[in-house]
Amino acid sequence: MKPDMQRYHGLAIGLHWLVALLIFVTFPLGLYMADLPLSPDKLKLYSWHKSIGVTVFALGAARLLWRAAHRPPPLPDMPAWQRRASQATHHLLYLLLLAVPVSGWLMSSAKGFQTVWFGVLPLPDLLARDQAVGDALATLHFGLNLALAALVLVHLAAVAKHQFIDRDGLLGRMLPRGPGRHSA
Amino acid sequence: MKTLILTLALVIAAVVPARPAAAVEYTRLDADASEIRFSFRQMGVTMEGRFREFEAQLSFDPERPEAAAAELVLALDSIDTGVPEMDAEALKPDWFDVAAHPAARFVAAQVSQAEDGRIELRGPLTIKGQTREITVAAEWRSSGKQAVLSGEFVLPRLDYEIGTGAWGDTSVVANEVRVAFDLAVLPAAARDDR
């Protein structure tokens, strides 16, 4: 990474990787658990999945608030289309960080299962029980997750491109250690 | 003076509800107006449901509760938790095993009036081949033709082997199931005015 390239603020970096880790745990968990026959283990997995999802929502909201108050480090020179693509991808990722967990929460309410965050904090059911609405929200939750997965792949492809093709050291902005100043 | 007494008598007769000359005996359950509900905690979440099919034989005179007798039979496959997957699971051998034990039965062998005025029903409750003596305190409310017996009690599901095997883990599905009932009963000679 170029020594005078600014890095993201430490808190932004920490939240980024924490959210990434939580998504990488809860996403495959969701895929695996959905097709299980009903069992105590399935109920436990659902409970973990939902609690991690609520945490992602809370951290996503925190990141969005942080982003509203703090300018990220400026991008190095690049074609305008790349700059716009970067903005669009990141905006959509922020949106999905919030929309995916909310769609899950609404679906859970509609299917008659309240969410209790890690077994300690009950969250209100925003919708009344309605199987038809629950099924529709299940489709929505699944669809939004597909979109999230697609965007994460685009995000990772862009990172690889900048790291191995452009060799502009962009990845270093989001790494916790190494040369480069932190942005304000 | 006579007119005053007569008027007073008429007013009192009009205002004070007439008590039946003979004691009323309730012998029929109005199942459509009755409810048997339950709730339990699952992974920290309260789940609720009801049973839709049950019937009862009874003879109950509210003025002589000790002479009462009642038997309630409930179809376990009429369970309705609002979640089809859970309703289907409840029928299986680990749960109610409805293939072998389709009904739950309670016999109120002893009925008495408690000090606080509530009706106490005591007797065997049989579910899934397991019988336990239970005591249930109920409130009796009557207005006009209909009377309702309401109460609730805690049923430890594992006493009846409801939810065995892996489902015996009470941190996933709690042992205590709260059962609540509102049983609407009708007198034997009730004029039907549905």
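A cavity is a set of points where a 1.4 Å probe fits but cannot get out, and its lining residues have an atom within 4 Å of a point. In this predicted model, two cavities of 30 Å³ or more are counted by this rule. The second largest cavity holds about 30 Å³ of space, and its lining consists of Val54(A), Phe57(A), Pro101(A), Val102(A) and Trp105(A). Helix H3 of chain A gives the most to this lining, with three residues, and H2 and H3 of chain A are the elements that each supply at least two. By class, the residues around the second largest cavity comprise five nonpolar, no polar and no charged.

The chain that surrounds this cavity may be described next. Chain A contains four helices and two strands, which follow one another from the N terminus in the order α-α-α-β-β-α. Its C-alpha atoms fill a box of roughly 55 × 30 × 25 Å along the principal axes. Of the 184 residues of chain A, 37% count as buried, and among the contacts in this chain between residues at least 6 apart in sequence, 72% join residues at least 24 apart.

Helix H4 of chain A has 36 residues and reaches 51 Å from its first C-alpha to its last, a span close to the 52 Å expected at 1.5 Å a residue. The buried residues of H4(A) are Gly134(A), Leu137(A), His141(A), Leu144(A), Asn145(A), Leu148(A), Leu151(A) and His162(A). An α-helix has 3.6 residues a turn, so residues three or four places apart point the same way. The cover over the buried residues of H4(A) includes H1, H2 and H3 of chain A.

The largest share of the lining of the largest pocket, twelve residues, is provided by H3(A). Divided by class, the lining of the largest pocket has 29 nonpolar, twelve polar and six charged residues.

The second largest pocket, with a volume of about 1200 Å³, is lined by 46 residues, and those nearest its centre are Met33(A), Tyr46(A), His49(A), Met107(A) and His141(A). Among these central residues, His141(A) is also one of the buried residues of H4(A). Both chains contribute to the second largest pocket, in that H1, H2, H3, strand S1 (115–117) and H4 of chain A, together with strand S3 (45–51) and helix H2 (84–90) of chain B, each supply at least two residues of its lining. Here the largest share, ten residues, comes from H2(A), and the lining of the second largest pocket divides into 27 nonpolar, 14 polar and five charged residues.

Gln42(B) belongs to strand S2 (residues 35–42) of chain B. With a relative accessible area of 6%, Gln42(B) is buried, because buried means under 20% relative accessible area. Apart from its neighbours within four places in sequence, Gln42(B) is in contact with Leu43(A) and Phe113(A) of chain A, and with Met47(B), Met86(B), Val172(B) and Val173(B) of chain B.

Further along chain B, strand S9 (residues 119–127) pairs with strand S10 (residues 130–143) in the antiparallel sense over nine bridges, and Gly123(B) stands opposite Ile134(B) in S10(B). The hairpin of S9(B) and S10(B) has two residues between the strands, and in it Lys128(B) takes a positive phi near 50 degrees. S10(B) also runs antiparallel to strand S11 (residues 146–156) of chain B, to which six bridges join it; in this pairing, Glu139(B) has Ser150(B) in S11(B) as its bridge partner. S10(B) and S11(B) likewise form a hairpin with two residues between them, and Gly144(B) in the turn has a positive phi of about 65 degrees.

Terms used:
Residues are numbered from 1 along each chain as its sequence is written. Chains are lettered from A and ligands numbered from 1 in the order in which they are written. This is a predicted model: local features need pLDDT of at least 70, side-chain atom pairs count only at pLDDT 80 or more; totals for chains, interfaces and linings use all residues. Side-chain values use heavy atoms; hydrogens and water are left out. Two strands pair if DSSP finds at least two bridges between them. Ala, Val, Leu, Ile, Met, Phe, Trp, Tyr, Cys and Pro count as nonpolar, Asp, Glu, Lys and Arg as charged, and the others, Gly among them, as polar. On a 1 Å grid over the protein atoms alone, a cavity is a set of points where a 1.4 Å probe fits but cannot get out, and a pocket is an open set with protein on both sides within 12 Å along at least five of seven lines; lining residues have an atom within 4 Å of a point. Grid points are joined across faces, edges and corners, and a volume is the space filled by probe spheres set on the points. The expected span of a helix is 1.5 Å times one less than its number of residues. Buried means under 20% relative accessible area, exposed over 50%, partly exposed in between (1.4 Å probe, protein chains only). Contact means heavy atoms within 4.5 Å.
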